[in-house]
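Have a go at each task before you read the solution.

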Amino acid sequence: PIVMNNIAWALIDTDPKRALDYATRANKELPDSPQIADTLAIAYLKNGRIDEALSSSEYAVDGQPNNPSIRFHNALILDAADETTRAMQALSSILEENHDFPEREDAQALFERLKSIR
């Protein structure tokens with residue numbers, strides 16, 4: 001399942017449909033993994049399946065509430081679901097609590113974009 005999850009991430013931008021297939025298969029093999037649920041959530045998002053993305057993302061956040069990357073992905077999905085207030089709250093919290101994580105610049109940029117449209 002870990003290898004399938006990694007393949008899904010490798011394909012997420014170039015072939016989201018195949019990424020979703022790999023993430024779904026990984027999730028079937030290891031359904032309790034927050035990391036795989038997070039990958040599945042982003043794969044759903046990239047395939048326009050927002051409700052499923054949100055459900056999977058919330059499971060991932062529940063499983064790893066202190067993981068800023070998973071929480072950032074949840075904020076991306078909340079934004080896609082037009083839940084701007086919740087996305088901004090999540091981003092504000094992530095940015096305040098975590099000064100160093102891989103997506104910090106992206107999280108800051110999304111927060112600023114959402115703030116400017118409010």
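**Exercise 1.** Work out whether P16 is buried, partly exposed or exposed, and find what it touches.

*Solution.* Start with the area: P16 has a relative accessible area of 23%. Buried means under 20%, exposed over 50%, and partly exposed in between, with a 1.4 Å probe and protein chains only. P16 is therefore partly exposed. Helices here are DSSP runs of H or I with at least four residues, strands are runs of E with at least two, and both are numbered from the N terminus. Now look for partners, where contact means heavy atoms within 4.5 Å. Setting aside neighbours within four places in sequence, P16 contacts L11, K46 and N47. Finally, check Y44: it sits 28 residues from P16 in sequence, with 8.4 Å between the C-alpha atoms.

A quick note on the ground rules: this is a predicted model, so local features need pLDDT of at least 70 and side-chain atom pairs count only at pLDDT 80 or more, while totals for chains, interfaces and linings use all residues. Residues are numbered from 1 along each chain as its sequence is written, and side-chain values use heavy atoms, with hydrogens and water left out.

**Exercise 2.** Find what the side chain of S56 reaches, and say how well covered S56 is.

*Solution.* Begin in helix α4, where S56 lies. With a relative accessible area of 9%, S56 is buried. Then follow the side chain: it reaches the backbone oxygen of A37 at 2.7 Å. Beyond four places in sequence, the contacts of S56 are A37, L40, A41 and Y44.

**Exercise 3.** Say where D82 lies and what stands out about its phi.

*Solution.* Look in the loop between α5 and α6 (84-97) for D82. Its phi is near 60°, a positive value in a residue other than glycine. D82 is exposed, at 69% relative accessible area.

**Exercise 4.** Now zoom out: how many helices and strands are there, and how does the radius of gyration fit the globule rule?

*Solution.* Count first: the protein chain has 7 helices and 0 strands. Then compare: for 118 residues, a compact globule would have a radius of gyration near 13 Å, and the chain's 14 Å agrees. That radius is taken over C-alpha atoms, and the rule is 2.2 Å times the number of residues to the power 0.38. To finish, 44% of the 118 residues are buried, and among contacts with a separation of 6 or more, 51% join residues 24 or more positions apart.

Terms used. A polar contact is a pair of N or O atoms within 3.5 Å; within protein, one must be able to donate a hydrogen and the other to accept it, and residues adjacent in sequence count only if both atoms are side-chain atoms.
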